[in-house]
Amino acid sequence: MKLKNILIVVKDMERSRQFYHDLFGLDTVLDSEGNLILTEGLVLQDEKVWKEALGREVIRESNSCELYFEENDIEAFAEKLEKLYPSVQYVTRLAPHGRKVIRFYDPDGNLIETGEPVR
């Protein structure tokens, strides 16, 4: 058995597609009935589809999981994030000491951590 995808719930598919493309370079692999599969195995699912399937509400900013990305030039990434998405909600900004990471929410409250590669 192998893990194929990670799925997150979004309200505005196009806004989220653009967000993940702008910041992480993820491209669309398949667009199918409320699901958008991106490169690297990330799936965006329309909130309406999720609610219909589960019959439950989405809990924004639940902090129960996070997407993790590594970036060699973390300072440049932090600048790009600030420039492209100045209203992003930070959990932790880039710290100047230790292994550098930044945590923030995507437009739908999904937690993201981006950090220097683990060596």
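Arg-60 is partly exposed, with a relative accessible area of 27%; buried here means under 20% relative accessible area, exposed over 50%, and partly exposed in between (1.4 Å probe, protein chains only). The structure is a predicted model, in which local features need pLDDT of at least 70 and side-chain atom pairs count only at pLDDT 80 or more, while totals for chains, interfaces and linings use all residues. Residues are numbered from 1 along each chain as its sequence is written, and side-chain values use heavy atoms, with hydrogens and water left out.

## Salt bridges

Arg-60 takes part in a salt bridge with Glu-47, and their closest N and O atoms are 2.4 Å apart. The term denotes a side-chain nitrogen of Lys or Arg within 4 Å of a carboxyl oxygen of Asp or Glu. Side chains of opposite charge can pair when their charged atoms come close. This pair links distant parts of the chain: Arg-60 belongs to the loop between α2 (47-54) and β5, Glu-47 belongs to helix α2, and 13 residues separate them. Helices (H or I, at least four residues) and strands (E, at least two) are DSSP runs, numbered from the N terminus. Glu-47 is buried, with a relative accessible area of 12%.

A search of the whole structure finds nine salt bridges.

| Pair | N to O distance |
|---|---|
| Arg-60 and Glu-47 | 2.4 Å |
| Glu-57 and Lys-51 | 3.1 Å |
| Glu-82 and Arg-93 | 3.5 Å |

In the second pair, Glu-57 is exposed at 59% relative accessible area, whereas Lys-51 is partly exposed at 28%. The side chains of Glu-82 and Arg-93 also meet in a salt bridge. That pair links distant parts of the chain, with Glu-82 in helix α3 and Arg-93 in the loop between β6 and β7, 11 residues apart. Glu-82 is partly exposed, with a relative accessible area of 34%, and Arg-93 is exposed, with 52%. Salt bridges that share partners also join Lys-11, Glu-47 and Arg-60 into one network.

## Overall architecture

The protein chain has three helices and eight strands. Along the sequence these elements follow the pattern β-α-β-β-β-α-β-α-β-β-β. The radius of gyration of the chain is 15 Å, close to the 14 Å that the globule rule gives for 119 residues, so the chain is as compact as a globular protein of that length. This radius is taken over C-alpha atoms, and the globule rule is 2.2 Å times the number of residues to the power 0.38. Along its principal axes, the C-alpha trace spans about 45 × 30 × 25 Å.

Of the 119 residues in the chain, 37% are buried. The chain exposes about 7,600 Å², of which carbon and sulfur atoms supply 51%; accessible areas come from the Shrake-Rupley method with a 1.4 Å probe, and for residues only the protein chains shown count as cover. Among contacts (heavy atoms within 4.5 Å) with a separation of 6 or more, residues 24 or more positions apart account for 53%.

## The nonpolar core

The largest nonpolar core has 24 residues, and those with the most contacts inside it are Tyr-20, Phe-24, Leu-44, Leu-81 and Phe-104. Such a core is a set of buried Ala, Val, Leu, Ile, Met, Phe, Trp, Tyr and Cys residues joined through side-chain atoms within 4.5 Å. At least two residues of this core come from each of β1 (6-10), α1 (13-24), β3 (35-38), β4 (42-46), β5 (67-70), α3 (74-84) and β7 (101-105). The element α1 gives the most to this core, with five residues.

## Strand β7 and its partners

Strand β7 is mostly covered, since four of its five residues are buried. Two bridges join β7 to strand β6 (residues 90-92), and the two run antiparallel; strands pair if DSSP finds at least two bridges between them. Thr-92 stands opposite Arg-103 in β7. Five bridges join β7 to strand β8 (residues 111-115), again antiparallel, and the bridge partner of Ile-102 in β8 is Thr-114. The hairpin of β7 and β8 has five residues between the strands, and Gly-109 takes a positive phi near 85° there.

## Ile-6 in strand β1

Ile-6 is found in strand β1 and is partly exposed, with a relative accessible area of 41%. Leaving aside residues up to four places away in sequence, Ile-6 touches Gly-41, Leu-42, Val-43 and Leu-67. Ile-6 and Val-43 are 37 residues apart in sequence and 5.9 Å apart in space, C-alpha to C-alpha.
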